[in-house]
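Reader: I have a structure to go through and have not seen it before. Can you walk me through parts of it?

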Amino acid sequence: MANAFEEIALQAEKHNKVQTIMHYVNKESLIMEHIKQTSGKAMGIDGVNKETYGEQLEENIDNLLARMKNFSYKPQAVRRTYIPKAGSDKLRPLGIPSYEDKLVQGVMRKILDQIYENKFYDFSYGFREGKSCHDAIREVNQIIMTKRINFIVDADIKGFFDNVDHEWLIKFLEHDIQDKNFLRYTKRFLKAGIIEDMKFYESDKGTPQGGLISPVCANVYLHYVLDMWFGIVVKKHCKGDAYIVRYADDCVCFFQYKKEAESFYKSLIGRLKKFGLELASDKSKIIPFGRFATQNSKDGKTDTFDFLGFTHINGKTRTGKYRLQHRTSRKKLKAKKLKVKEWLKSNIHGKPSDTIKLLNRKIKGHYAYYGISGNYRGLLNFYRFVKVALYKVITRRSQRAYLSWARYQYLLKKHPISEPKIYANIWL
């Protein structure tokens with residue numbers, strides 16, 4: 001099956017537009033997608049999960065393909081749910097597709113990945129195979145440390161996933177895809193609607209987070225709205241250095257000259273507006289940044305900027321040389337501490353050793369993401385918080401048995417909390 005999808009990439013390289021790609025959504029590819037689905041995931045409005053669908057898998061797939069062939073297959077509305085937004089009191093909306101729709105979207109996403117992977121710019125990092133958040137941070141580090149950068153444009157697109165214009169997205173896809181059936185089903189997924197609190201809402205714009213096809217659609221949209229514009233138009237009109245790093249809808253731009261940074265910021269507002277998007281003025285800014293920012297500052301202080309959960313700071317090495325520093329952002333760290341604290345309160349009724357075992361799984365995920373070069377102190381801050389928080393919860397669990405700090409330390413020797421570890425070297 002892998003070779004079959006590679007044929008799409010070859011076709012995309014040879015021709016301006018790919019054709020007859022809908023046949024890749026077939027019995028074999030749908031069964032493979034079913035196998036890859038994770039058990040225990042949230043269900044859509046159909047109430048069907050992997051296990052129930054798999055009981056009569058071949059019969060269900062055959063039925064699905066028959067409906068797709070005569071165009072009677074219509075994606076169901078996604079089930080709207082909300083999850084806490086890290087570092088904020090706000091909630092992030094998710095759209096959970098029905099199980100059958102997940103399978104079709106999963107295969108269609110693979111097709112789109114093959115078509116666009118070689119078209120996307122190298123500075124686009126989100127939702128792409130072989131690229132990660134750490135790669136994006138590494139690129140930010142390299143640009144600021146090695147290029148002539150004096151100003152940063154920290155650009156935040158307001159509610160991007162909720163405001164993607166369907167007509168523009170289809171136009172972008174039509175630029176590269178000539179298969180009308182594939183485009184027809186893409187439209188149907190975009191227009192499927194939302195179910196929230198037993199009420200149906202039309203989806204006239206946006207691509208719901210949670211849908212398997214949404215990430216690649218978002219990348220296609222921003223490829224044409226932002227990436228190509230920056231790579232072809234913006235850089236052409238800049239006399240100095242100009243760079244961009246984008247991860248999904250989060251992006252940061254780098255300029256040598258202030259006037260060019262200001263000109264770009266002003267043009268960006270109009271560019272986004274043309275395609276139904278808006279710059280969040282309260283979160284977007286232009287700041288002096290780089291190795292000369294400190295010496296040009298009146299009081300020696302410089303601004304920082306946040307990107308992908310890290311705060312990026314103008315710093316120095318022990319010998320006084322300039323170095324870009326990366327720290328866990330205060331907002332993200334505060335949110336993570338609160339989340340751990342709440343988890344401990346609801347998971348402390350078993351044996352402390354069992355609680356620590358489960359806790360370690362959670363905090364290792366934190367270390368794996370935030371464990372980058374130079375951020376050991378940030379990890380240590382989190383580790384010390386977890387250590388104290390666990391002690392407080394254990395001692396409050398029972399009014400009879402008091403646990404001294406010394407006895408707690410003995411407990412941790414037998415069942416240690418995972419200590420901080422650097423996982424990613426971004427100074428390469």
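Predicted model: local features only at pLDDT ≥ 70, side-chain atom pairs only at ≥ 80, totals over all residues.

Reader: How much space lies in the second largest pocket?

Author: About 530 Å³. A pocket here is an open set of points on a 1 Å grid over the protein atoms alone where a 1.4 Å probe fits, with protein on both sides within 12 Å along at least five of seven lines; lining residues have an atom within 4 Å of a point. The volume is the space filled by probe spheres set on the points, which are joined across faces, edges and corners.

Reader: Which residues are closest to its centre?

Author: Arg109, Lys110, Asp113, Gln114 and Glu129, out of 21 lining residues. By type, the lining has nine nonpolar, four polar and eight charged residues. Nonpolar means Ala, Val, Leu, Ile, Met, Phe, Trp, Tyr, Cys and Pro, charged means Asp, Glu, Lys and Arg, and the others, Gly among them, are polar.

Reader: Which helix gives the largest share of that lining?

Author: H5, with six residues. Helices H1 (2-14), H2 (27-36), H5 (99-116) and H10 (214-234) each supply at least two. Helices (H or I, at least four residues) and strands (E, at least two) are DSSP runs, numbered from the N terminus.

Reader: Switching to Glu33: buried or exposed?

Author: Glu33, in helix H2, counts as buried because its relative accessibility is 6%, and the cut-off is under 20% relative accessible area (1.4 Å probe, protein chains only).

Reader: What does Glu33 touch?

Author: Leaving aside residues up to four places away in sequence, Glu33 touches Lys102, Leu103, Gly106, Val107, Lys110 and Leu212. Contact means heavy atoms within 4.5 Å.

Reader: Now the sheets. What is the order of the four strands?

Author: S2-S1-S4-S5, in an open sheet with mixed pairing. Two strands pair if DSSP finds at least two bridges between them. S2 (91-96) and S5 (199-201) are the edge strands. S1 (78-84) and S4 (194-196) run parallel, joined by two bridges, and Val78 has Ile194 as its bridge partner in S4.

Reader: And the order of the three-strand sheet?

Author: S9-S10-S11, open and antiparallel. Seven bridges join S10 (310-316) to S11, where Arg323 stands opposite Gly315.

Methods
Residues numbered from 1 in each chain as written. Heavy atoms only, no water. Buried < 20%, exposed > 50% of the residue type's maximum accessible area, 1.4 Å probe, protein only.
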